Amino acid sequence: MEKNNLKFEQLETASKKKKIIYRWILFLILGIFALYYITPLYVMIVTSLKSMEEIRTGNLFYLPKSINFDSWLEAWRGQLVNTTSGLKVDAGNVYLKNYFWNSVKMVVPAVAISTILGALNGYALTKWRFKYDNIIFLLFLFGTFIPYQAILLPMARTLGVLGLSNSITGLVVVHVIYGLCFTTLFCRNYYVSISDEIVRAARIDGAGFFKIFFKIMLPISLPILVVTVIWQFTQIWNDFLFGATFSFGEAAPIQVALNNMVLTSTSVKRYNVDMAAAIIAGIPTLIVYVLAGKYFIRGLTAGSVKG
Amino acid sequence: MIWLKRNLPKIVISPSFALLVWFVYGFILWTLYISFTKSKILPNYKFWGIDQYFRLWSMDRWHVSVSNLFIYTSLFLILCILIGIVLAILLDQKIRAEGFLRTIYLYPMALSFIVTGTAWKWILNPTLGIEKFFIDIGFENFTFDWLITPGMSIYTIVIAGVWQSSGFIMAIFLAGLRSVDDEIIKAAKIDGAGVVSIYTKIILPMMRPVFMSAVVILVHLAIKSYDLVIALTSGGPGTSSDMPAVFMTQYAFHRSEIGLASSSAIMMFLTVTAIVIPYLYSELKREDGKK
């Protein structure tokens, strides 16, 4: 009897040990992947804080000897050079300040307009059913998948005809048009899950299309509006294709400017400035991600499990 | 007045719908028509037939683009799904610090492909990047110069692309795993099934719809890849890491061959359509089934 008990206890501790080992292996694998994802950000940050001398003598992973934000300043407002009229930014020098504001000026109206239109479309498509509404929805849905190469050429010509090529306004127009498919899809999928009963009751009480929208739908739409705004903000801020195709020079958005900055090989490559610039271009979307990660992920999955 | 009231929903949606029809579907038709013409720098509306497509498919550069797309898509797909599933399953084991780890796995998704490409271009730098690190720690003959080696640079795009997108696949699989009914797992455990067989025999087969979504999203992302190629290799060295999207913009905006560029754009469009239409069809059928 006693012997049996002993055996049982031994078995139990053995399985506990096994469990602990499994746990450790689990954390080890998760930790290795965490390193893989975090390393590039770490490398970007430490490189941006080093001097070029330090970069050449040390290696990627060394911490900087002293923290030095010169590269950040240089990436933001250009490299100051001594000229006869004092310190000035060299004419050929690409830096981010103006382009950052270009992107802000582009993102704010484009996100606002496309989100409002998307909410109205989603509402009309789900709560006021009409003939062919499903086909209209399908056309929007398919629009989220098309490769933009198939519309670049006519869009470039159209912007030219409208006198909007190479302007921030032109980019706002483009982002609103092609963002509409996504915003309509998000809002439609949200409104479809909301009971029709509320709308029906309000209609019997005599409320009209807009009254129901503003008084009933909008107040409960906050979660999906946050998801839509975050999605559109990330997409438009990170866009390169439209920016590079439809604008150049002064009106370019930040991603285009960053790419130009890295590609210009006028003098010696300054990797620290490149990395500082990349971080500056990435910070707005990173902040949104850290602050509203939940909504960010919801947008991604809403966009993926379509229909 | 009553007419207005009754048709208000249609009136509200019509501006957006008009934009969609004109700027998406109309423009695709325009591109399709131009691909049947001799257009060079300006559109020439005289019908020429399908010669541009013959020209396209006889070009070495297009063949390089297509084979690169094939390499990139298959590796990108396999690696993202593999990493995504493994991480999702491991994170699903009631882990402490799950939220923190998830944040780390997914943050690259918030960065643009240009930022991603810029960072990896520096890490993979043949003299000062990861190569120097390995030489410094004692591997004196270590070389890692894929970025500037024709035939290898396409794999650097895979490395950066997987880094950027795999966390996203983890997120959608994790969401899928969370929606599996706990009762099923409990019942299987009572029947004596081990953890591994619970996952491989019961849970993963239930993930089929998630799997389908992941494949469609990754493949259509891969076909659209443009920014990452430009930022990381600019299609180089030479044209060895070209992809169809890069080919199209090159011929459309730098070589003034808009007829040829249109035919390459239509090839991309048809490929995406061939993948997306069956997927949307099955998704919508599934949704109808739920009602």
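These legends accompany close-up views of a predicted model.

**View 1. The two domains of chain A.** Chain A is assigned a domain 1, residues 2–68, and a domain 2, residues 97–304. Their C-alpha centres lie 38 Å apart. Contact between them involves 8 residues of domain 1 and 7 residues of domain 2.

**View 2. The side of domain 1 of chain A that touches domain 2.** For this contact, 8 residues of domain 1 of chain A meet 7 residues of domain 2. Two elements of chain A, α1 (2–49) and α2 (52–57), each give two or more residues to the domain 1 side. The largest share, 4 residues, is from α1(A). By class, this side of domain 1 has 4 nonpolar, 3 polar and 1 charged residues.

**View 3. The contact between chain A and chain B.** Chain B brings 78 residues to the contact, and chain A brings 71 residues. On the chain B side, helix α1 (residues 2–34) of chain B supplies the largest share, 17 residues. Sorted by class, the chain B side holds 58 nonpolar, 12 polar and 8 charged residues.

**View 4. The largest nonpolar core.** This core has 169 residues. Those that touch the most other members are A:Leu96, A:Ala257, A:Leu258, A:Ala277, A:Ala278, B:Phe173 and B:Met268. Helix α7 (residues 168–191) of chain A is the element that gives the most, with 16 residues. Where does the core lie relative to domain 1 and domain 2 of chain A? Domain 1 (2–68) and domain 2 (97–304) both give residues to this core, so it lies between them.

**View 5. The surroundings of A:Leu258.** A:Leu258 is among the core residues that touch the most other members. Residues up to four places away in sequence are not counted here. Within chain A, A:Leu258 touches A:Leu96, A:Ala277, A:Ala278 and A:Ala281. From chain B, B:Ile114 and B:Thr118 also touch A:Leu258.

**View 6. A:Phe209 and its contacts.** A:Phe209 sits in helix α9 (residues 209–220) of chain A. Is A:Phe209 buried or exposed? A:Phe209 has 20 C-beta neighbours inside 10 Å, so A:Phe209 counts as buried; the cut-off for buried is 20 or more. Leaving aside neighbours within four places in sequence, A:Phe209 is in contact with A:Trp128 of chain A and with B:Leu8 and B:Pro9 of chain B.

**View 7. A:Phe209 and A:Tyr123.** Along the chain, A:Phe209 and A:Tyr123 are 86 residues apart. Their C-alpha atoms are separated by 9.5 Å.

Key: Residues are numbered from 1 along each chain as its sequence is written. Chains are lettered from A and ligands numbered from 1 in the order in which they are written. This is a predicted model: local features need pLDDT of at least 70, side-chain atom pairs count only at pLDDT 80 or more; totals for chains, interfaces and linings use all residues. Domain bounds come from an automatic or database domain assignment. Two residues are in contact if their C-beta atoms, placed from the backbone, lie within 7 Å. Ala, Val, Leu, Ile, Met, Phe, Trp, Tyr, Cys and Pro count as nonpolar, Asp, Glu, Lys and Arg as charged, and the others, Gly among them, as polar. A nonpolar core is a set of buried Ala, Val, Leu, Ile, Met, Phe, Trp, Tyr and Cys residues joined through C-beta atoms within 7 Å. A residue is buried if 20 or more other C-beta atoms lie within 10 Å of its own, exposed if 12 or fewer, and partly exposed in between; C-beta atoms are placed from the backbone.
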